[in-house]
Amino acid sequence: MAETGGYNAFEMARSQFDRIADLIDLDQGARDFLRTPMREYHFTIPVRMDDGSMKVFQGFRVQHNDARGPSKGGIRFHPQETIDTVRALSMWMTWKCAVVDIPLGGGKGGVICDPHNLSMREQESICRGFVRQLARNIGPLSDVPAPDVMTNAQHMLWMLDEYEAIHGGRYPGVITGKPVGMGGSLGRTQATGYGVVYTLREALKELDIRPADTTASVQGFGNVAQYAIELYNQIGGTVVCVSCWDQKDQCPYAFRRKEGIDLEGLRSITDPFGGIETAKAREQGYEVIPGDEWIEQDVDILIPSALENSITADNVEKIGKRVKIVAEGANGPTTPEADNALHARGIHVIPDFLANAGGVTCSYFEQVQSNMNYYWEMDEVLGKLDVKMTSAYVAVSELARRRDLYMRDAAYVVSINRVVEACRERGWV
Ligand code: NAD
């Protein structure tokens, strides 16, 4: 991921921004301000390993823009994490919060580490060390982290505990994605994947396609992918292929079953990182094919839900003729060249920062509940999430139709205008 093959996520995020800045004729001051994160922190996290040695991990936190509210964004643990990936993701968070119109800005964090090779105690030390370095730079009113790739509710609770130990009080609003019962919101686990499908359902309505008549291929089988598949199945769709990273063989595999995958069956043979056991999948009747082939399947819908940089100039031509919709569950899965090709083919793209905004929307609900110390039932959370995602989708698609814009461009126009307005009103640009 990250910067392999000349790909740089931050350059991509900036080039997307520059294009829209041209389109809306944004003045130079606002452009310069929004092209660069407002603040970033780089720090080391020394950890005593289980074997007695000391290992030093590199951590980052980037606050791209907080004109509309406290910065918000996940913390990723990944061996190939880079500052530019974190910068790009923080910028996308700004647009994401703005497109669903929640009062938050954009931030992101990361630690270069591989949790596959770390004990729980070592991971706890990284979490606590991360917060020790940032305790004065994050907070319920300034910057609110959350889980992301390879981090979960347990990591968030360790981070919360460290923050509260340092500040001497209870601050449940400093972090989201906490365990339910410890300040977490019901529905947070489902929120991103379900959100992808709320927007997908609206897109199918717009294109006059019945969900039950569609099939999909999904890249990834982690948090986002599993819950997207769950709700897509519930609205009648059939997933015929999923892919995931194989830790043992260090390559991705895809798992195909023409009559549709059995979500619960696959979940039962999946590790906590979204890795499916290949041999057991064969026993369950799956054809195991090279991971890259998830994109070539003869389906109506593609749902990239793994990592960035997965639909590129090299593989975009392999997308099957039947594909009508790409719902981007992952952040930054499509490179600008590939995006041009999708646009030219008339594929209806639901851009990442709209499609996967369910997670941050539910995080916002979690903050609201934490601040009230009053927690909603699941139906209330999911009902409110559906309303937010649906109205965001409708606002973007109406603008796209009215001004004859590509969906990604329309989503950018909506969010950049909202952020620029907040910066202007504050007198920043
Ligand atoms: P996760 O760690 O739970 O799952 C990632 C999945 O991708 C795993 O199944 C892994 O095996 C698979 N994968 C990794 N490399 C792969 C490859 N080369 N080919 C195929 N599969 C591969 O992560 P997640 O939380 O589901 O996040 C997935 C994406 O969604 C990321 O881009 C993340 O930034 C984005 N996202 C997540 C959330 C959230 O709430 N979790 C919110 C918004 C966006």
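Reply: The model is a predicted one, and the chain is assigned two domains, domain 1 covering 38–172 and domain 2 covering 189–355. Across the interface of these two domains, one salt bridge is found. The count of residue pairs in polar contact between domain 1 and domain 2 is likewise given, and it is one.

On the side of domain 1 that touches domain 2, two elements each give two or more residues: strand S3 (71–78) and helix H3 (83–99). Helix H3 supplies the largest share of that side, namely six residues. By residue type, this side of domain 1 divides into seven nonpolar, three polar and five charged residues.

The extent of the meeting can also be described. In total, 15 residues of domain 1 are in contact with eight residues of domain 2, while the C-alpha centres of the two domains lie 27 Å apart. The size of an interface is often given as the accessible area lost when the parts come together. Here, domain 1 and domain 2 bury about 1100 Å² between them, and 65% of this area is on carbon and sulfur atoms. Of the area that domain 1 buries against domain 2, Trp 92, Lys 96 and His 116 supply 43%, more than any other three residues.

Technical notes. Residues numbered from 1 in each chain as written. Predicted model: local features only at pLDDT ≥ 70, side-chain atom pairs only at ≥ 80, totals over all residues. Heavy atoms only, no water. Domains from an automatic or database assignment. Contact = heavy atoms within 4.5 Å. Buried area = accessible area lost by both parts, 1.4 Å probe. Salt bridge = Lys/Arg side-chain N within 4 Å of Asp/Glu carboxyl O. Polar contact = N/O pair within 3.5 Å; in protein donor to acceptor, adjacent residues only side chain to side chain. Helix = DSSP H or I, 4+ residues; strand = E, 2+ residues; numbered from the N terminus. Nonpolar A, V, L, I, M, F, W, Y, C, P; charged D, E, K, R; others polar.
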